[in-house]
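Below is a short briefing on one protein chain. Please look over the sequence and the model before reading the points.

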Amino acid sequence: MAVKENLRPGGRSARVQASVHKATRDLLAEMSRAEVTIPLIAARAGVTPSTIYRRWGDLQELLADVAVERLRPDMQPVDAGSGRADLQAWAEQYAEEMSSGPGREMIRDVLAAQAGANACKCCEYTRQQIVVIAERAKARGEAFPDIDIVMDQVVAPIMYRILFDDVPDAARVRDLVSRIMSTPG
């Protein structure tokens, strides 16, 4: 079941979502993931379990929704003075955050959900960050690779390594950025 979008931002639906998300985050901080249940979350959030089932369908969809909100960037990418430096700083931070214990848990939660909508949201958040970097570079008169090239040749290898190998170190991330910044666009 896909998560329903809020029809009235700031209305009852938004308050329910906020309280359920907070209850979920709090319980995950207090106990193991295997102990967290929808009835526990509902009791903590002050809603009925049926409210959670109606909105999210199951625990995994709720965990994915909470993870997506935590993965949403809360600030613009660092302005390091050039497109290359901006992308380098962003990619190193991205690799570090996503490969951390909490980052890996959030990735697993998003990918374990039956609906792919949350994974698409994560991809869009990443794309938006790169768009900011690209627009800044272009405003400075710098050449910058196509967004899809950055996604395919920087973000994808970082994520692949996090999921299936070991944490990509800073040297590996610098190499990925260097390759696309030196290739004619």
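The accessible surface of the chain comes to about 10,000 Å², an area worked out by the Shrake-Rupley method with a 1.4 Å probe, where for residues only the protein chains shown count as cover. Carbon and sulfur atoms account for 54% of that surface. This is a predicted model, in which local features need pLDDT of at least 70, side-chain atom pairs count only at pLDDT 80 or more, and totals for chains, interfaces and linings use all residues. Residues are numbered from 1 along each chain as its sequence is written, and side-chain values use heavy atoms, with hydrogens and water left out.

**Overall build**

- The chain has 9 helices and 0 strands; helices (H or I, at least four residues) and strands (E, at least two) are DSSP runs, numbered from the N terminus.
- The C-alpha atoms fill a box of roughly 55 × 35 × 25 Å along the principal axes.
- Of the 185 residues, 40% are buried; buried means under 20% relative accessible area, exposed means over 50%, and partly exposed lies in between (1.4 Å probe, protein chains only).
- Among contacts (heavy atoms within 4.5 Å) with a separation of 6 or more, 70% are between residues 24 or more positions apart.

**Nonpolar patch**

- Leu-111, Tyr-160, Leu-163 and Phe-164 make a nonpolar surface patch of about 460 Å².
- Patches are made of residues with over 30% relative accessible area and no salt bridge, with like charges joined within 9 Å and nonpolar side chains (Val, Leu, Ile, Met, Phe, Trp, Tyr) within 5 Å.
- Helix H8 (residues 147-164) gives the most to this patch, with 3 residues.
- Leu-111 is found in helix H6 (residues 101-112) and is exposed, with a relative accessible area of 51%.

**Charges and salt bridges**

- The chain carries 24 positive and 26 negative charges, and their mean positions are 6 Å apart.
- Lys and Arg count as positive and Asp and Glu as negative, while His and the chain ends are not counted; the place of a charge is NZ of Lys, CZ of Arg, CG of Asp or CD of Glu.
- There are 15 salt bridges, each being a side-chain nitrogen of Lys or Arg within 4 Å of a carboxyl oxygen of Asp or Glu.
- Arg-136 and Asp-86 meet in a salt bridge at 3.2 Å, N to O. This pair links distant parts of the chain, with Arg-136 in helix H7 (residues 117-139) and Asp-86 in helix H5, 50 residues apart.
- Arg-136 counts as buried at 17% relative accessibility, and Asp-86 is buried at 0%.
- Arg-136 and Asp-86 also belong to a network of salt bridges that includes Asp-79, Arg-140 and Glu-142.
- Glu-92 and Arg-174 form a salt bridge at 3.6 Å, N to O. Glu-92 in helix H5 and Arg-174 in helix H9 (residues 170-182) are 82 residues apart, and the pair links distant parts of the chain.
- Glu-92 is partly exposed at 27% relative accessible area, and Arg-174 is partly exposed at 41%.
- Arg-72 forms a salt bridge with Glu-69, with the closest N and O atoms 2.9 Å apart.

**A loop residue**

- Val-78 lies in the loop between helix H4 (59-71) and helix H5 (83-99), and counts as partly exposed at 44% relative accessibility.
- Not counting residues up to four places away in sequence, Val-78 touches Asp-86 and Arg-136.
- Val-78 and Ala-89 are 11 residues apart in sequence and 7.0 Å apart in space, C-alpha to C-alpha.
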